Amino acid sequence: MKLLFVVNPISGGIDKEPFLSDAKALCNKYNIAYHIFKTTGKNDEENLKKLLLKYLPDKVVSVGGDGTTLFTSLALMDTGFPMGIIPQGSANGMALELFVNPKPIEALKDIIMSDRIEGVDMLKVNDEHYTMHLGDVGVNAQLVESYEKDANRGMATYAKYFFEELSKLSHFPVKISANAKVYKDDILMLAICNARKYGTGVPLNIDGNPMDGKFELVLVHNIDIKSLLKSALASIDEKYIDTESGETIVTDYAEIEFEEPRLLQLDGEVIGKFKKIKIEILKGAVKFITHADNKYIN
């Protein structure tokens, strides 16, 4: 067996060397060949694709957070190489969604041992952007933009902008074409969901499944103390999930229109402002190494 580790050295501010040391020892013990590719921020996708064709790994191991997972997945699309995830980022939302063991070395053992390969969906947005996890337009996108611009990090900074955005809440109109229907509404936020939860553990929709060939659009009508409390409780126990503050559209294609350009964020990255957003599903685009504990495949 040949493993290719794709490592983001700086994701989440986590030192990857302790994990890599354990991973090397495990591979050496069982005579598993391996190569380590570390991202640098310069020509990473091009360099990784060249290495894939040269090294021809049996399995690719993505070591980092959601951004690393997405980067690795995009490089692997249409190549046939299967990928597993080692959660080593500040947000490990997709790892959580896909029932990856939260202990990195145990997650690696699962990848090595498993022959269970399943397809994970990808969302293509406006023909040039991609997400495997979550995106949104509205209050959370504005929060992400403000947070990104601040040199400070951590929950205190996040809370600062969170309450700032709450104080500026205002509804905006949206028109959605999906499932041969047209939906018109006034909302505070539109969430684009290939999965169920933010990296914080707060669930957005109970029906999400990143392996079913569908995605969800969650239209949030109300954000108040009651809905925020429900969100906090739902991150602990999903029976508290808020089903009263919005509605959900399940589809495989959608076109969204706003009266004025609105800020869009995907997987925690601000993409830009758009009056129109087109979303299509790429069913089973990523070959994912998983196991029978993954509830989506049982």
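This report walks through the fold, the cysteines and some salt bridges of a predicted model.

## Overall picture

Let's start with the chain as a whole. Its secondary structure consists of eight helices and 14 strands. The chain has 298 residues, and 48% of them count as buried. The accessible surface comes to about 14600 Å², with 51% of that belonging to carbon and sulfur atoms.

If you look at contacts between residues at least 6 apart in sequence, 70% of them join residues at least 24 apart.

## Cysteines

A disulfide is a covalent bond between the sulfur atoms of two cysteines. In this model the count of disulfides comes to zero.

## Salt bridges in helix H2

The structure holds seven salt bridges. Helix H2 spans residues 44–55, and Lys-49 and Glu-45 both lie in it, four residues apart, or about one turn of the helix. Their side chains meet in a salt bridge at 3.1 Å, N to O. Lys-49 is partly exposed at 36% relative accessibility, and Glu-45 is partly exposed with a relative accessible area of 36%.

Glu-46 and Lys-50 are likewise four residues apart in helix H2. Their salt bridge has its closest N and O atoms 3.2 Å apart. Glu-46 is partly exposed at 43%, whereas Lys-50 counts as exposed at 51%.

Arg-262 counts as partly exposed, at 23% relative accessibility, and Glu-260 is partly exposed, at 46%.

Definitions and conventions: Residues numbered from 1 in each chain as written. Predicted model: local features only at pLDDT ≥ 70, side-chain atom pairs only at ≥ 80, totals over all residues. Heavy atoms only, no water. Helix = DSSP H or I, 4+ residues; strand = E, 2+ residues; numbered from the N terminus. Buried < 20%, exposed > 50% of the residue type's maximum accessible area, 1.4 Å probe, protein only. Contact = heavy atoms within 4.5 Å. Areas by Shrake-Rupley, 256 points an atom, 1.4 Å probe, with all protein chains shown as cover. Disulfide = S-S within 2.5 Å. Salt bridge = Lys/Arg side-chain N within 4 Å of Asp/Glu carboxyl O.
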